[in-house]
Amino acid sequence: MDVNEILARFDREIRQQPQEGPGAVVEREPGVVRVVRAPDGWTGITWTGLSDLDADEVIAAQITRFAAAGVPWEWKFYSHDRPEDLPARLLKAGFEPGPPEALLVAEVGALPHEPKLPDGVRLVPVTDAEGAELVVRVHDEVFGGDHAAIGRMLLDRPDEVKAVVAMAGDRPICAGRVEFHRGTDFASIWGGGTAEDWRGRGVFKAVVAYRAAQAAAAGFRYLQVDASDDSRPILKRLGFAELATTVPFVHE
């Protein structure tokens with residue numbers, strides 16, 4: 001896999017052509033693509049190309065634009081974005097950085113597609129409100145915070161977003177979703193956090209394999225994930241390659 005070629009394709013197909021579902025408004029101006037959404041949705045900058053522009057002027061203009069929207073938002077920075085000092089400029093403008101993650105991509109056909117589960121665990125596809133609530137429960141437990149918006153998204157976009165829950169008896173212990181970016185070569189996976197007492201037993205890998213099979217069945221060539229430090233080594237062993245790092249710079 002040509003990492004540079006895939007990274008350029010990811011920028012072109014995903015970052016410059018965001019698909020954020022009902023209610024999303026995609027706005028473009030020189031050097032910037034941004035998404036402005038309803039309160040339940042993601043809002044922020046998906047792509048920038050500021051090499052030939054006044055970066056500080058562009059940053060100030062985005063702050064003004066999103067102030068009018070009246071919601072918190074993020075500038076999703078990638079390590080190959082320019083200028084090189086863009087993170088320092090964002091910090092100076094009042095942004096707060098979130099945890100860095102690795103942008104990983106794999107050929108769907110090269111990934112395992114057969115989930116191997118520990119005894120007593122089964123995978124349940126999410127098809128209704130009850131399943132969506134299970135996803136929210138396990139995300140709230142594993143990641144902290146309130147993930148009700150993800151549950152609503154699963155119900156609002158059933159053709160574009162599929163989720164699965166790993167169940168140990170009646171308890172949800174892991175959950176993840178796959179998003180199909182129609183008209184591109186990419187599907188992406190999100191979530192996948194596992195309850196602490198079930199970690200290291202193959203549940204996370206099984207949930208990845210299940211979603212890889214879904215992406216393959218839907219005809220996608222690549223699977224992308226923003227990986228934390230915990231999941232990155234597991235995903236690399238499964239066949240993912242690291243293309244870049246990404247940091248969410250949040251502005252309130």
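**Reading burial, cores and helix packing**

Me: In this model, is phenylalanine 240 buried or exposed?

Reply: Phenylalanine 240 is buried, with a relative accessible area of 4%. The reading rests on a cut-off, since buried means under 20% relative accessible area. The model is a predicted one, and the value is computed from its atoms.

Me: Where is phenylalanine 240 found, and with which residues is it in contact, leaving aside its neighbours within four places in sequence?

Reply: Begin with the element, then list the partners. Phenylalanine 240 belongs to the loop between α7 and β12. Its contacts, sequence neighbours within four places left aside, are Leu104, Val105, Ala106, Leu111, Ile189, Val208, Leu223, Val225 and Leu235.

Me: How many residues has the largest nonpolar core, and which have the most contacts inside it?

Reply: A nonpolar core is read as a set of buried residues joined through side-chain atoms. Here the largest one has 20 residues, and Leu104, Ala187, Ile189, Val208, Leu223, Leu235 and Phe240 have the most contacts inside it. Two or more residues come from each of β6 (101-107), β9 (171-180), β10 (186-194), α6 (203-217), β11 (222-227) and α7 (232-238). Helix α6 gives the most, with four residues. A second, separate core has 16 residues, among them Val32, Val36, Leu50 and Trp75.

Me: With which residues is isoleucine 189 in contact, leaving aside its neighbours within four places in sequence?

Reply: For isoleucine 189, the partners beyond four places in sequence are Arg177, Val178, Val208, Arg211, Leu223, Gln224, Val225 and Phe240.

Me: Is arginine 9 buried or exposed?

Reply: The same test is applied. Arginine 9 lies in helix α1 (residues 3-15) and is buried, because its relative accessible area is 15%.

Me: Is glutamate 252 buried or exposed?

Reply: Glutamate 252, in the segment after β12 (241-251), is exposed, with a relative accessible area of 72%. Its C-alpha atom is separated by 31 Å from that of alanine 195, 57 residues apart along the chain.

Me: At what angle do helix α4 and helix α5 pack?

Reply: Two quantities are read together, the angle and the separation of the axes. Helix α4 (residues 129-143) and helix α5 (residues 148-156) pack at about 150°, and their axes are 8 Å apart. Angles over 145 degrees count as roughly antiparallel, so α4 and α5 are roughly antiparallel to each other. The crossing of α4 past α5 is right-handed. Ala129, Ala132, Val135, Val136 and His139 of α4 meet Ala148, Ile150, Gly151, Leu154 and Leu155 of α5. By class, this contact has eight nonpolar, two polar and no charged residues.

Me: Which form has the peptide bond from arginine 82 to proline 83, cis or trans?

Reply: The omega angle is the quantity to consult. This bond is cis, with omega near 10°. Proline 83 is located in the loop between β4 (73-78) and α3 (86-92).

Definitions and conventions
Residues are numbered from 1 along each chain as its sequence is written. This is a predicted model: local features need pLDDT of at least 70, side-chain atom pairs count only at pLDDT 80 or more; totals for chains, interfaces and linings use all residues. Side-chain values use heavy atoms; hydrogens and water are left out. Axes are lines fitted to C-alpha atoms, for helices over the stretch in contact, and angles run from 0 to 180 degrees between N-to-C directions. Angles under 35 degrees count as roughly parallel, over 145 as roughly antiparallel, 65 to 115 as roughly perpendicular and the rest as oblique. A crossing is left-handed if the near helix is turned anticlockwise from the far one by less than a right angle, and right-handed if clockwise. Contact means heavy atoms within 4.5 Å. Ala, Val, Leu, Ile, Met, Phe, Trp, Tyr, Cys and Pro count as nonpolar, Asp, Glu, Lys and Arg as charged, and the others, Gly among them, as polar. A nonpolar core is a set of buried Ala, Val, Leu, Ile, Met, Phe, Trp, Tyr and Cys residues joined through side-chain atoms within 4.5 Å. Buried means under 20% relative accessible area, exposed over 50%, partly exposed in between (1.4 Å probe, protein chains only).
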